[in-house]
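Thanks for coming. I will take the pocket, then the strands, then the salt bridges, and end on one residue in a helix.

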Amino acid sequence: MNVYFHLRAVPPSALRNSANWMQRLFEDDWNAVRERVDRHREEFLDRRYADHDVLYTGADPEEGPRTHVVLGGCPIPHPDKEAPPFLMLTAAQTARVATFLTSTDFESLWNLARDELLPRYGGTESEQEARSVFASTHRDLTAFYAQTAEYGDAVVKWLID
């Protein structure tokens with residue numbers, strides 16, 4: 001089963017606090033998704049999305065921009081009670097996340113989270129490869145949030161399988 005955690009930029013004027021609207025928001029085909037990813041209007045993480053959350057929250061689990069990068073946001077229940085909720089960040093929260101990401105040193109994040117993450121990625125023998133994956137995702141998330149904040153947009157997130 002392929003699981004993807006999607007993050008999508010949405011102009012505040014288009015945003016609806018409706019689970020049905022949010023579900024339709026994520027019903028595009030992969031070509032449309034790839035086009036938005038190329039323009040930093042959407043980002044997605046694979047099934048190990050929770051590990052990327054650890055990269056940001058591991059050192060400081062207090063509420064704030066670092067906790068909003070991956071799994072943070074206001075939960076909006078899905079109409080299907082078995083499905084995970086949508087998560088929504090306001091434009092102001094998105095801007096704070098963008099500021100956090102653009103001003104944070106990846107090496108510092110990695111050094112704080114590596115002991116927890118490395119055992120799941122092959123241990124120290126595979127550190128260079130694991131670090132590279134996390135660094136690449138960090139760059140992608142930073143570009144996504146920076147572009148989204150520049151446009152003054154909000155972010156809607158959802159786990160799609």
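Before going on, the ground rules. This is a predicted model, where local features need pLDDT of at least 70 and side-chain atom pairs count only at pLDDT 80 or more, while totals for chains, interfaces and linings use all residues. Residues are numbered from 1 along each chain as its sequence is written, and side-chain values use heavy atoms, with hydrogens and water left out.

A pocket here is an open set of points on a 1 Å grid over the protein atoms alone, where a 1.4 Å probe fits, with protein on both sides within 12 Å along at least five of seven lines; lining residues have an atom within 4 Å of a point. Among the lining residues are Tyr-4, Glu-43, Phe-44, His-52, Tyr-121 and Phe-134. Strand β2 (42-45) and helix α7 (127-151) each supply at least two residues of the lining, and α7 gives the most, with four. Helices (H or I, at least four residues) and strands (E, at least two) are DSSP runs, numbered from the N terminus.

Now the strands. β1 covers residues 4-10, and six of its seven residues are buried, so the rest of the structure largely encloses it. Buried means under 20% relative accessible area, exposed means over 50%, and partly exposed is in between, with a 1.4 Å probe and protein chains only. β1 runs antiparallel to β5 (residues 154-160), with seven bridges, and antiparallel to β2, with four. Two strands count as paired if DSSP finds at least two bridges between them. Tyr-4, from the pocket lining, has Ile-160 in β5 as its bridge partner. His-6 stands opposite Phe-44 in β2.

Next, how many salt bridges does the structure hold? There are six, each being a side-chain nitrogen of Lys or Arg within 4 Å of a carboxyl oxygen of Asp or Glu. One joins Arg-120 and Asp-51 at 3.0 Å, N to O. That pair links distant parts of the chain, since Arg-120 is in the loop between α6 (106-117) and α7 and Asp-51 is in helix α3 (residues 49-57), 69 residues apart. Arg-120 is partly exposed at 38%, whereas Asp-51 is buried at 10%.

Another joins Arg-131 and Glu-107 at 1.9 Å, N to O. Arg-131 lies in α7 and Glu-107 in α6, so this pair ties together parts 24 residues apart in sequence. Arg-131 is partly exposed at 27%, and Glu-107 is partly exposed at 30%.

Last, Val-33, in helix α2 (residues 30-38). Is Val-33 buried or exposed? Val-33 is buried, with a relative accessible area of 4%. Leaving aside neighbours within four places in sequence, Val-33 is in contact (heavy atoms within 4.5 Å) with His-6, Asp-28, Glu-42 and Phe-44.
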